[in-house]
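Please open the model in your viewer and follow the stops below in order, selecting the named residues as you go.

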Amino acid sequence: MAGTLAEKVWDAHIVRRGTEGAPDLLYIDLHLVHEVTSPQAFEGLRLAGRPVRRPDLTIATEDHNTPTLDIDRPIADLTSRTQIQTLRNNAAEFGVRLHSLGDADQGIVHQVGPQLGLTMPGLTVVCGDSHTSTHGAFGALAFGIGTSEVEHVLATQTLPLAPFKTMAITVDGTLPPGTTSKDIILAIIAKIGTGGGQGYVLEYRGEAIRALSMEARMTICNMSIEAGARAGMIAPDETTFEYLKGRPHAPEGADWDAAVDYWRTLRSDDDAVFDAEVVLEASDLEPFVTWGTNPGQGLPLSASVPVPAEIADENERVAAERALEYMGLTPGTPLRQIPVDTVFIGSCTNGRIEDLRSVAKVVRGRKKADSVRVLVVPSSARVRLQAEAEGLDQIFLDFGAEWRNAGCSMCLGMNPDQLAPGERSASTSNRNFEGRQGKGGRTHLVSPLVAAATAIRGTLSSIADLGPDVVAPDGSPLTDSHADMQPA
Amino acid sequence: MEKFAQHTGVGVPLRRSNVDTDQIIPAVYLKRVTRTGFEDALFAAWRGDPEFVLNQDAYRPGSVLVAGPDFGTGSSREHAVWALKDYGFRAVLSPRFADIFRGNSGKQGLLAAQVAQEDIELIWKVLETHPGTEVTVDLVAKQARCADVVVPIHVDDYTRWRLMEGLDDIGLTLQHEAEITEFESRREPWRPLTLPAKHLPPVEIVAARPVVPTLPTGDDALV
């Protein structure tokens, strides 16, 4: 029978098919763990006298709480320090591999899996973090879980899961210069809404998706949850295999060949039926920014702050009024005229090496606006090392940016990297919720290119605002497709 | 887990849509390593506002939250469920829940019941006209009752059964351990193992330092 990519991966992991309304019991190939959502799960195991069933399918890293400065000194915040120490104790007690702060393999959990070659096509991947959807970029079925489920996976390496529906999101055409995968996903969320994907696994497909690098695909799948979908997937192809080959945990020899043969079957059949379909034309896209307090409240940068009185739907109008009040924005203001105080470049959405390269390309030889603080936080220690090997750190420092150690940082402000009340950011992260980046902080979600241009001009900007001289080494304008671009 | 068949308690009208888990409990409260004691963190950013519904005496003892659509979106933090429970909530009614939140609720014995938007409006009207009115959520009859308003609630059959029986998921799954072991015996060799650990060579990571303004030196310092 014809099937979708998601159904194929699901079916290959059924330990026990649910009967009489009970969910299927699925096997979990890879369980990623971090310090925030795991302490109560390990405590549950301890109380029940249960071991971790498969420590060899489990890996932990410290990311949410970790400072990005002075990482060689004791963590100043006592509760953060306790939580991280708790993870260290639990990992030691239960035999779980842990990459701690200061270790070269430490970093945001969704960067660590892919860079070690642990994330691969056809797997089920879970983590107590909603951005686990990131790993779907490899053709894995990957989704965030709550702490009770973390405990369940630790104890049984399985999860009972209710069936999902499938949604195909086809992005045709070619991205215009200056637009990136971030703009694709922000446009998708604005189109289907923050609840549009609820109950669905999204599959991104089409010419514009195929043209994206692995890292750009991760950005798209990462934000599936912001459309309400637990998981987003992209069928694996040569780009995927190329990214994986030679990574520390990638299969080798005959195992690699067997894996690739299987991975090539992981695509939705031509006659597969999706429960819903959405189509987008990439060439219509512009750089996208959010103006409100959920990721669905986004518009092209050339637009103006919406006028709530013009919104017909009452719920949406009230939500828009509330959002504009929180954001301190006047209806009708052109988005390009909004000044920001902080530019944050980082997170599991846009803190990878390609993101840093594309920012470096724009800011090289320039100075940031005096009024703006710029934070560059690589998604992992390895990404930081790679950036330094390429000289990107010096470009950022010369620009006037701060070059930090790896972690989640200002994406959610669990460490000292926070916005002050009323402070406004352009952020390459994934959530613009009230208080997300610090109590009273105001967040505009943007792509790395928009973040770079905004850091230069001090107001929300695209690279087009910088004049025609921002180009890739081959003379063409900057887009995600310049994945292999090296700084000149 | 405690069995849940029916609950009656003061209804709290939360006239907001898209109440994400960052609003239910901000990230700064997630640093605790316990599973209880989160009641002060619930809706922390809004609790400072005297107008906020939970700051009004009639609603303060509430245990049934009646919210707008897309409740519990965003972060997977189960702390959102713990905070609601610790405050005293036993049930949340909404036209639509985020998937992860709904799953987390079921595991913790908090009833997340779907109710049509027009029915939510009816309950809101009663609760706002007569603050302090109780709402009964009845899993057996699959309905919510509030004064003379009686509306259907939707909970999937499996979650309903587990809540009514008070069953623990891990215990249920471990009844099938033989099947899990059998599945594992068929695992293909290309699928990854995290142990023994493989990685690129270890490298020392240099700590970033705070940017401090350059202090005046030499003659300038004397001025």
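**Stop one: a charged patch on chain A**

Select A:Asp172, A:Glu207, A:Glu281 and A:Asp284, which gather in a patch of negative charge on the surface. A patch here is made of residues with over 30% relative accessible area and no salt bridge, like charges being joined within 9 Å and nonpolar side chains (Val, Leu, Ile, Met, Phe, Trp, Tyr) within 5 Å. Asp and Glu count as negative and Lys and Arg as positive, while His and the chain ends are not counted, and the place of a charge is taken as NZ of Lys, CZ of Arg, CG of Asp or CD of Glu. The accessible areas come from the Shrake-Rupley method with a 1.4 Å probe, and for residues only the protein chains shown count as cover.

This is a predicted model, in which local features need pLDDT of at least 70 and side-chain atom pairs count only at pLDDT 80 or more, whereas totals for chains, interfaces and linings use all residues. Residues are numbered from 1 along each chain as its sequence is written, chains are lettered from A and ligands numbered from 1 in the order in which they are written, and side-chain values use heavy atoms, with hydrogens and water left out.

A:Asp172 is partly exposed, with a relative accessible area of 31%, where buried means under 20%, exposed over 50% and partly exposed in between (1.4 Å probe, protein chains only).

**Stop three: B:Gly68 and helix α3 of chain B**

Select B:Gly68, in the loop between β2 (64–67) and α3 (79–87) of chain B; at 1% relative accessibility, B:Gly68 counts as buried. Leaving aside residues up to four places away in sequence, B:Gly68 is in contact (heavy atoms within 4.5 Å) with B:Leu14, B:Arg16, B:Ser17, B:Ser94, B:Pro95 and B:Trp124. A C-alpha to C-alpha distance of 9.0 Å separates B:Gly68 from B:Glu121, although the two are 53 residues apart in sequence.

Which residues of α3(B) are buried? They are B:His79, B:Ala80, B:Val81, B:Trp82, B:Ala83, B:Leu84 and B:Tyr87, and because seven of the nine residues are buried, α3(B) is largely enclosed by the rest of the structure.

**Stop four: salt bridges between the chains**

Now show both chains and select B:Glu179 and A:Arg16, which form a salt bridge with the closest N and O atoms 3.1 Å apart. B:Glu179 lies in helix α8 (residues 177–185) of chain B and A:Arg16 in strand β1 (residues 14–16) of chain A, so the pair joins two chains. The term means a side-chain nitrogen of Lys or Arg within 4 Å of a carboxyl oxygen of Asp or Glu.

Then select B:Glu184 and A:Arg54, whose side chains meet in a salt bridge (3.2 Å, N to O). B:Glu184 and A:Arg54 are both buried. Finish by selecting A:Arg53, A:Arg54, A:Asp56, B:Glu177 and B:Glu184, which are linked in a network of salt bridges.

Notes
Helices (H or I, at least four residues) and strands (E, at least two) are DSSP runs, numbered from the N terminus.
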